[in-house]
Amino acid sequence: MEFSETEGRRLFRWHGLSALPLTPMSKTKKKWPWAVGAVAVVAVAGAAGTGVVAQRELGELNHAPAYSMELPEPLPVEPAAGEPVDEAKVKEELGAQAANPQFGKLHVRVSNGTTGATVFEQAAGDPLQPASATKMLTAAAALYTLEPDATLKTDVVRKGDAVTIKAAGDVWLTPKDVDELAEKVGDASAVYIDTSIWPEETQMPGWDPLDIDGGFVAPMEPAMISGARLNGEPSGDVPRSHTPALDVAQTLADKVGAQTVGFGPAPEDGEVVASVESPPLTERMREMVKESDNVMAEAIGREVARKRGGTSPQATLDTLTEHGFDISGVTLADSSGLSRFDLIPPRLLDDIMLRATSTDELRDLLPTLAIAGGDGTLYDRYGDLDGKGWVRAKTGTLTGTSALVGTVTSEVGNVYTFAMISNDSDILTARRLMDEFTSTLRQY
């Protein structure tokens, strides 16, 4: 039995078997609607995943309902420096925790989110397998490249009695969207789908084909209904289709009476007879980060690449480099962190969080993070620890890998950023230790 992706969930792989689930921003750039006034800083202040998945994290265990808390009083848009702390004491306490052998190989950096000063670090410049902490790079590149209200428009082109779906990268299509297309298309004898917009491979290096049946990813084709989830499931890590784009075409064909279904280029001289649009990027990215959805992350990574004119995930690295980030030591094989070939030093992840807390460039990244004990992939973590409700973070989970990247505001008003990656460790143990480590920062 192994552990693997995706975030905040316990995953089981039975070898040889397939099983079902157990249960700088420019001045003219548009403002993201979730970050108005002090809301972005409230996010810092503590507003309250290969194989078969157990519902959420540990399906065989009971847990309390998701934690909720009243919002604290808003902090100023630019947080104050907080109170002075005994830096030597902080380093000593964090160092003692980081030295725990149960962490396996732990690389970490903690910074003052206001001043940028390093509070504690351990091999922070050396890369480790990051799992879904990789999504932080994808999200940052999206914020730099795309508009908050950007949507993906899927057209249906008619020529004669045949229609072609011109896929645009929308993996968020719903059954209602297909119904809407069918109503506008009317009758047709054939339905084709054009997937040429994505030149990247459908399976990225380092992915396990079993992840499709496990519900953690699908072959990356630029049109999917509900992320290619089977049996009409709208969300969650449930088994996914091996032919997502063809499924879209078949679903439309069934509704318009077409007998022929397949792939094909959209005719240049055809007439656009129907269109649907995805949700805006604000909604899509928030779900991608909070719930750590691999399909969504790969789609957004390719959306960034199309905007830049390159391919994913190289486009993400190019974007970060152009905005002054040091990507030395980074290896990206995908945009989601599902690949076993991904390598990222905690330094870069913490640099992204510092940029988010101390400038406006990436501040809109903060509300996408899960709240400790409250929602997303952290909804059932932290228990009674001091960090509950105050830590906001992106998680990362693969076999032997745990990661946590985010922010925490201390009891005396200091804002800290952190990036932790543990390799060669027990997942549940590493998670508990990370929760305790970040909760320690609440004291200072």
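Strands count as paired here when DSSP finds at least two bridges between them; strands themselves are DSSP runs of E with at least two residues, and helices are runs of H or I with at least four, numbered from the N terminus. This is a predicted model, where local features need pLDDT of at least 70 and side-chain atom pairs count only at pLDDT 80 or more, while totals for chains, interfaces and linings use all residues. Residues are numbered from 1 along each chain as its sequence is written, and side-chain values use heavy atoms, leaving out hydrogens and water.

**View A. An open sheet of 5 strands.** Follow the order β10-β8-β6-β5-β11, and you'll find mixed pairing. At the edges sit β10 (260-263) and β11 (271-277), each pairing on one side only. On average, neighbouring strands are turned by 20° against each other, direction ignored.

**View B. Zooming in on β8 and β10.** Strand β8 (residues 190-194) pairs with β10 in the parallel sense, over 4 bridges. Look for Y192: its bridge partner in β10 is G262.

**View C. Helix α4 across the strands.** Here α4 (residues 175-185) lies across β5 (153-159), β6 (162-166) and β11. Its direction is at about 160° to β11 (angles run from 0 to 180 degrees between N-to-C directions, with axes fitted to C-alpha atoms, for helices over the stretch in contact).

**View D. Helices α7 and α8 packed together.** Helix α7 (residues 281-290) meets α8 (residues 294-308) at about 135°, with the axes 9 Å apart. In contact (heavy atoms within 4.5 Å) are L281, R284, M285, E287 and M288 of α7 with M296, A297, I300 and E303 of α8.
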